Amino acid sequence: MNARRTRGAMPLALVWVTLTPALVHADAVDDAFSAGNREAAAGRWPEAASHYERARALLGQPSSLLSYDLGTAYAQQGELGRASFHLRQALDFRGNPTAQLAEAARANLAIVRRRAELRAATTNAIIDSPQSWWDLVVETLRAPGVGWLSLVSGFVALALFAWGRAQTVRPGANERRNAVARALLWSLGGVWVLTASLHALSLRADRTAPRAVVLGNRVEAREGPGSHRTVEFAMQGGSEVRIVDRTPGWVLARMSGGIAGWVPESEVGELDGPSGRSP
Amino acid sequence: MHRDRRRFVLGTLAAAVALPGVARADGLVAELRVNTTELRVGDELELELEVRREGSGNVPEPELPAGLADAFEVTQSFRGGTGFQITLGGGGSSRTMHSSMSITAIALKPGTHALSFAVDDGGKKVVSNVVEIVVTGAEATAATPARPTTGKPTAPDGDVFVWAATDKTEAWVGEQIEYRLDVYERSLLSSVALRTPPNFADFYTHDLPEGEGSVEEVGGVVYRVRPGMRRALFPQKAGTLVVGAPEITIGRRRRDRGAAVSILVKPLPAEGQPKAFSPNNVGRFEVKAKVDRTAVKAGQPFTWTIEIAGEGNIALIDPGPWPELRGARRYDPKVDTQVQAVDRVRGRRTYALLVIPEQGGRLELPAIAMHFFDPQTAKYEVARSEALEVEVEGSIEPAATAAASSTATPEPTVESFAPIVEADGLPREAPPTRWMTPTRWAWATGAIPALFAAIWGGTAAWRRFGPDEAARRRAAARRIQRERIDAATAAVETGEGFHAAIASLLHELAVARAGAEATGLPRPALVRLLNERKVRPEDVRSLEALLERCDAARFAAQRGTADERRATLDDALALVERSSLSRGSA
């Protein structure tokens with residue numbers, strides 16, 4: 001009788017042992033998030049940010065909601081660089097942002113941007129130029145839709161090409177229909193070459209020089225990696241940069257105008273990492 | 001005889017080596033040699049003084065020629081020391097003791113100068129030969145020139161000297177003065193260095209370009225001028241201010257000290273002096289103002305840029321206090337200075353003020369007036385920018401603007417952040433994934449040209465190695481033949497269309513065997529043509545019989561039974577597959 005009970009309890013114990021860490025983990029994330037919310041409601045933004053950071057570390061996956069709250073907490077305490085980084089993360093599709101959340105994140109991001117510009121103007125720091133139509137073009141070229149467009153146009157052009165070759169093999173083909181097909185083939189081929197090359201360039205730029213955000217409020221950029229090197233200029237927190245080179249602990253950050261300087265790796269947060277490199 | 005002669009020669013040689021003093025015993029000679037006897041004022045003269053004595057005894061060292069200092073300036077002298085020389089020949093030997101001295105001097109006085117030197121030989125004065133030097137050109141004084149503190153040197157000062165001067169000896173406080181320090185050298189000296197730079201304790205200074213070297217004639221003497229230093233000086237107080245004397249080193253041992261320059265600096269006149277006037281506002285200036293936007297929304301910052309340009313101490317220019325703006329916040333300016341130092345210090349200093357309008361309507365930016373003292377006219381002047389206006393749209397809450405001040409940390413509170421989003425817990429949805437990853441896109445994009453190439457190559461190979469026109473025709477005929485047989489087979493039981501299919505099959509077979517000219521021929525002509533084409537007669541007869549059977553069935557409504565049709569089909573197939581009709585046809 002006892003042996004039967006023991007055998008029956010063993011699977012339950014196994015299930016309990018397997019699931020308990022996950023449950024505890026989930027509770028810890030929610031506890032940290034709730035604690036952050038309580039601190040934020042009380043206006044204690046540094047404490048709120050600290051709890052949100054803990055929840056972020058425990059969660060281990062992108063969450064637009066958490067990024068939004070964390071970015072807003074940083075924005076409220078004047079940490080414009082970190083605020084900008086997390087609010088941008090909140091807009092990442094991998095965090096499942098809702099429409100309302102994305103709208104609020106954009107609104108807060110715009111305020112953070114204006115404040116950063118103001119601060120840069122008065123502290124003699126350099127900030128990246130505001131987004132222009134060209135940036136939108138580059139952003140669009142990077143979008144998956146352009147990749148799809150290039151693939152569809154390429155494969156349709158390929159099909160037309162195959163059909164045209166078959167027509168040339170077969171006697172008595174319709175010349176007029178062939179001319180139309182040729183025109184369509186050249187048009188689609190042109191679309192494919194153009195969109196594929198531009199999309200490839202934008203993907204390559206993201207791969208070789210990933211985008212990042214300056215996290216500190218005012219980060220000094222040096223002529224070389226090392227705190228003993230000469231300071232060349234200062235970057236305003238929240239500026240978008242591209243990381244063009246790395247050494248242990250330091251990255252060479254290039255701003256939109258081409259000016260570049262070495263900054264500590266901890267002072268920039270990468271936007272396009274698996275879930276955004278943790279700053 | 002030979003032995004006696006050899007003994008005499010050896011004995012004489014030994015005596016000459018062992019006892020040279022015995023051969024020539026007395027005589028002290030002083031000799032003066034020069035490289036030239038005719039030269040111009042300022043030219044170099046090289047002299048060689050030598051004292052020698054034939055035989056033994058001390059040789060006194062030569063002294064400077066007596067008249068040399070009157071008409072020349074000695075720039076270099078070098079004693080060659082003493083030595084001896086043994087001379088063999090003439091049936092004996094001699095030993096000569098000698099002492100020498102080399103002198104380099106620059107001619108200062110025109111005329112004919114007789115030069116000689118004397119040495120004391122144990123109380124007896126020995127005078128050298130006299131060399132007459134003819135010097136032409138204008139006279140130059142050898143004394144240290146009086147160095148005025150302005151302009152350029154007027155009298156030569158040896159082979160190298162340092163010249164320090166200012167462009168004026170009297171100035172106002174804050175007025176720009178040019179100080180220059182040049183090294184004048186007769187020949188190119190590589191080892192001239194500034195040992196003690198001048199002291200500019202009472203001046204604000206700014207470096208000016210040193211400029212290029214040049215060649216100048218100073219008092220009839222040609223000098224190479226090496227620019228050493230150029231500075232713009234701005235006196236910071238009134239009184240007699242002194243720029244310390246510079247000193248240069250020439251080689252290791254020589255030094256030359258320039259003149260200390262004194263400048264009488266007058267205080268700026270009290271009459272007409274504006275209140276809190278900065279003594280750095282001396283020169284000539286103009287003020288301009290501009291805004292980067294003429295229409296903004298309330299709360300939207302714009303930049304109000306004031307530019308002061310002109311000649312003077314632009315780096316320390318004082319524009320005075322900035323005006324307060326009604327209905328707008330103004331932050332401390334971001335200052336940028338661009339100095340152009342060519343012959344004078346001039347440039348522009350830009351003040352970029354960030355302004356955030358808070359009230360709608362027309363924001364007036366007043367004219368900026370800057371007082372300055374013009375040293376040319378010795379009067380105070382005013383440079384004034386134009387007043388500007390900016391249209392402001394909308395308005396922001398006054399409560400939000402109350403805390404702001406013109407020098408506060410720029411953290412406007414006019415905009416509030418969207419609140420945080422509270423939730424019971426964080427959603428644990430798996431992050432969405434997109435099929436279109438960069439890697440997949442790259443593979444798919446790369447596949448397109450590969451497939452293009454494959455299709456291209458495939459069709460090209462098909463053209464090259466695929467069937468020709470005749471083969472394609474034969475294949476088409478076989479396909480039609482198969483269709484007819486299938487139709488006939490399907491109609492065996494019903495008989496519907498059976499004979500028409502068999503007739504068409506056989507007729508096409510006969511036409512294909514007879515060739516293109518058989519097309520459209522009536523049956524007798526077709527039969528004749530088949531006979532001409534060497535078709536076996538029994539096959540032709542069989543064809544005729546089958547065709548007639550088909551005609552009878554089609555036109556005389558004699559379909560017959562299914563077995564009869566099956567037999568007809570078998571006969572037709574035998575004709576198609578095995579007769580001489582099928583050979584050479586499709």
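1. Which residues of α6(B) are buried? In this predicted model, they are Phe498(B), His499(B), Ala501(B), Ile502(B), Ala503(B), Leu505(B), Leu506(B), Leu509(B), Ala510(B), Val511(B), Arg513(B) and Ala514(B). Because 12 of the 17 residues of α6(B) are buried, the helix is largely enclosed by the rest of the structure.

2. The geometry of helix α6 of chain B, which runs over residues 498-514, can be checked against its expected span: from its first C-alpha to its last it reaches 24 Å, close to the 24 Å expected for its 17 residues at 1.5 Å a residue. Just after α6(B) comes Gly515(B), which takes a positive phi of about 105°.

3. Two further backbone angles deserve a look, since most residues other than glycine have a negative phi. Ala276(B), which is not a glycine, has a positive phi near 55°, and this residue is found in the loop of chain B between β20 (261-266) and β21 (283-291). With a relative accessibility of 73%, Ala276(B) counts as exposed, the cut-off for that class being over 50%.

4. Lys534(B) itself counts as exposed, at 71% relative accessibility.

5. How many cavities of 30 Å³ or more does a search of the whole structure find? The search finds one, and about 40 Å³ of space lies in the largest cavity.

6. The residues that line the largest cavity are Glu73(B), Ile106(B), Leu108(B), Pro156(B), Gly158(B), Arg186(B), Val221(B) and Tyr223(B). Sorted by class, this lining has five nonpolar, one polar and two charged residues. For anyone preparing a calculation on this region, the domain origin of the lining may also be of interest: at least three lining residues are drawn from domain 1 (20-136) of chain B, and at least three from domain 2 (160-266) of chain B.

Key:
Residues are numbered from 1 along each chain as its sequence is written. Chains are lettered from A and ligands numbered from 1 in the order in which they are written. This is a predicted model: local features need pLDDT of at least 70, side-chain atom pairs count only at pLDDT 80 or more; totals for chains, interfaces and linings use all residues. Side-chain values use heavy atoms; hydrogens and water are left out. Helices (H or I, at least four residues) and strands (E, at least two) are DSSP runs, numbered from the N terminus. The expected span of a helix is 1.5 Å times one less than its number of residues. Buried means under 20% relative accessible area, exposed over 50%, partly exposed in between (1.4 Å probe, protein chains only). On a 1 Å grid over the protein atoms alone, a cavity is a set of points where a 1.4 Å probe fits but cannot get out, and a pocket is an open set with protein on both sides within 12 Å along at least five of seven lines; lining residues have an atom within 4 Å of a point. Grid points are joined across faces, edges and corners, and a volume is the space filled by probe spheres set on the points. Ala, Val, Leu, Ile, Met, Phe, Trp, Tyr, Cys and Pro count as nonpolar, Asp, Glu, Lys and Arg as charged, and the others, Gly among them, as polar. Domain bounds come from an automatic or database domain assignment.
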